[in-house]
Amino acid sequence: MTPEAKKDFEDRIQTYVGREISARKRGLDDVNKVMVRQWCEVMGDNNPVYTDEEFAARSSKGGLIAPPTMLQVWGMEGYSMANEPKEDLQRELHKIFDAQGYSGVLGTNCDLEFKRDLRPGDQVYAREVIESISEQKATSRGLGYFIETRTVFTDQSGEEVGNMKFRVLKFVPDQATQDAAAGAGESEKVAAPTRIHSPRGHDNAWWWEAVDQGKVLIQRCKSCQTLRHPPRPMCGECQSMEWDSIESALQGTVFSFTQIHYPKVPGYQYPLVCAVISLNEGTRLVANVVGCDPEDVTIGMPVKGVVEQVDEATMLPQFYPAG
Amino acid sequence: MTISVTDKTAIVGVGNTEFSKNSGVSELSLAVEAIRIALDDAGLKPGDVDGLCTFTMDSSDEIEVARALGCNDLTFYSRVPYGGGAATGTLHQAVMAVATGMATTVVCYRALNGRSGHRFSGGVSGDIITADAMHWGWYTPYGLMTPASWVAMFTQRYMHLSGCTRDALFEVAWTTRNHAANNPAAFFHNRTFDRAEYDSQKKICDPLTLYDCCQESDGGSAVVITTAERARDLRQPGVLVKGVAQCAARDMEQMTSFYREEIAAIPEMDIAAGQAYAQCGLTPDDIDAAVIYDAFTPIVLWQLESWGFCKYGEAADFVLDGGLRLDGRLPTNTHGGQLSEAYVHGINGIVEAARLVRGTSVNQPKKSVQHALVTSGVGVPTGGALLGAMT
Amino acid sequence: MTNHTTRTYDAVSVGDKLPPLVIPITASLIVGGAIATRDYTPVHHDKAAAQAGGLPDIFMNILTSTALMGRFVTDWAGPDCTLKSSSIKLGAPNLPGFVMTITGEVKAMDAADGSVEVVVEGENDVWGTHMQGTVRVALPREA
């Protein structure tokens, strides 16, 4: 889009802000026990005030109520959404986005406020307005705009029972992800990720291969016997390129540490503590400290390591507090 | 030092683009816009530029920049590695080129879509396969893979040794935020915070929480360097480069120097500071204001010690005495720093340091600023520069 | 839920952690949740439609996520509690085969109306944070 075209587009979408998507309209179904029970069944919600008439009558609710988070359900359009969604102002706005390539749509936020419990027999009326459209944002799904709508729910006597702010992202779907998605075969499942492995090359593969076998090695200069870690091709003390290794006893102390809170990376187990360990052999090693409350890790704490399988594909040294 | 660079060159133009979370334009576009603003500031034309210098991390090639801007023949182009460690490193290159006559007018630039494009908080996981992927491979399997996590490891150790608490980190964050609140170009213009808000932010990597970390930003910054003689004829008062140095100290790694005898230290900055002071004969007492690289709050403390404003382990006291405030001993990061103005890899810091010497910062301290310090990022090979007014 | 007693306001403190709830995500739960919330948007029941939108499979709709978040809090609070509000922000989608773990912590309490604010996070084992949000629930006082 040229800057002019972008401005025209943005001016046009902004004209929708403040307009009513639907006037106050009664939901297709009034609040009823059947839909509530089916909803509870799927959600695994066994709260007896939703489905157990006797219990509900004796409770502070004085009778059955509908799950408050069903509020939006009473105003849903239903099966036509799958085939021919009804033409309303929201559709019209979405089509303007679609025409510019912002064809993806994703519900991102929903804020609900509940004013009173709904009971079987209550009628729910909804009135929906387009409240705002954001500036263009760079999101993890692609470039897009957030559209926020506000719905006020009222009952048969016109009293507000609750309200909702709903935010959707209209975005440009990434072609590469789309192609990759379509390429995923019928039987293929998205696999649980493992930890990110180190690439292995001439200077480090032998070290990781030993870890795969349950051992932590420390590189040693054959000429001057100096230990070094991480491995390097030459000894910085005597410039010899001849080396062998010793196996670490994995005993040492915590030299420094940090508990990782954010971002949480898929494949890693949190709480997660990373530490620089001073090994008794004299070299240091970065690894995880496990087996205790992260709050209890201190600098100077004695630790004992063991090489463990931490996920389906990964062996790593992990250090535990040493008594 | 057989050839002195002191007072041979001057910063004559500075420029920033708008800082944002979504520039909507290419990094090349940000680069050439920042350079054009810097050249306008100096009263120079693209055709006057014969040298360019940026970061190895920058995506805008020198010749693409030159072509887009309409520069003439380039006789000097160079890049400096190690992320934010390159900030004053680019100045170091430019000064050497101009002082030795390899070029007459060199522009240092950096432009990035650091929020809408590749984000630093994404860390070094997954899709980045570079020559140093093996180096990161010693850390990523354990989950240590973001700049915040590496800095946190040093910070925990530093706090343990020095007795520094989060009070000092808060003071760094709060002071720079107050400066930004007064800077219309800053993300946090008009948005201050108090201790309660600081303490309630989400944890990133202990002991760092959200406000201890800089802004991921889209933006570009540029500075123009030419000879001191030529500077006298230009539009703005020249800002002399008195001393400039960089250092990669013994046994360091990129962001993960965990294997030196003491890790709660930045010896490379100590050495660069010693060199820069030695070049021009200035001492810490001569420095009136500073722009200290602040990707994270604790790194400001360590640099105050490296540059001799206090002894090792005493930076917390220095800042808690109000040392960084406008009326303090060393007004620092008067633009809001990278914590609160924008993270443009420290080149926006050189812009601000030049403004401090010119007397045109939005938060210009009341006292006269004859000399200002500006530094590069730490944890990596780094450096800094001492700037001074033209007399 | 076999225990039908309700937690009282006075028995709760800021910082209390709720018992985690582990929910295996299946195609049945995704489709069942979509239909139970009358959300017939194709991406929640039709794999081809989901793939056209850039995801490898159908994914959970926001009404189901909201329902699970509410259930997580009311399971803990008990049947005499009253939900006052809920606010959800979605992150990575929930796809069949994933396992979501919901955790929560009491972040604030308001003695005036006896309500407590629970911060909730749902994380799946493949792509990480699926949802973050806040549920406000009023609890009865000690009898």
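This briefing describes the interface between chain A and chain C. The structure is a predicted model, in which local features need pLDDT of at least 70, side-chain atom pairs count only at pLDDT 80 or more, and totals for chains, interfaces and linings use all residues. Residues are numbered from 1 along each chain as its sequence is written.

**Extent**
- In chain A, 54 residues are in contact with 52 residues of chain C, contact meaning heavy atoms within 4.5 Å.
- About 4200 Å² is buried between the two chains, with carbon and sulfur atoms giving 59% of this area; buried area is the accessible area (1.4 Å probe) lost on putting two parts together, summed over both.

- The rule finds one salt bridge across the interface of chain A and chain C, defined as a side-chain nitrogen of Lys or Arg within 4 Å of a carboxyl oxygen of Asp or Glu.
- This salt bridge links A:D29 to C:R38, whose closest N and O atoms are 3.9 Å apart.

**Composition of the chain A side**
- Elements that each supply at least two residues to the side touching chain C are α2 (33-43), α3 (48-51), α5 (80-83), β2 (104-114) and α7 (175-183) of chain A; helices (H or I, at least four residues) and strands (E, at least two) are DSSP runs, numbered from the N terminus.
- The most is given by β2(A), with nine residues.

**Strand pairing**
- β2(A) and strand β2 (residues 82-90) of chain C run antiparallel and are joined by five bridges; pairing requires that DSSP find at least two bridges between two strands.
- A:E113 has C:S85 of β2(C) as its bridge partner.

Terms used
Chains are lettered from A and ligands numbered from 1 in the order in which they are written. Side-chain values use heavy atoms; hydrogens and water are left out.
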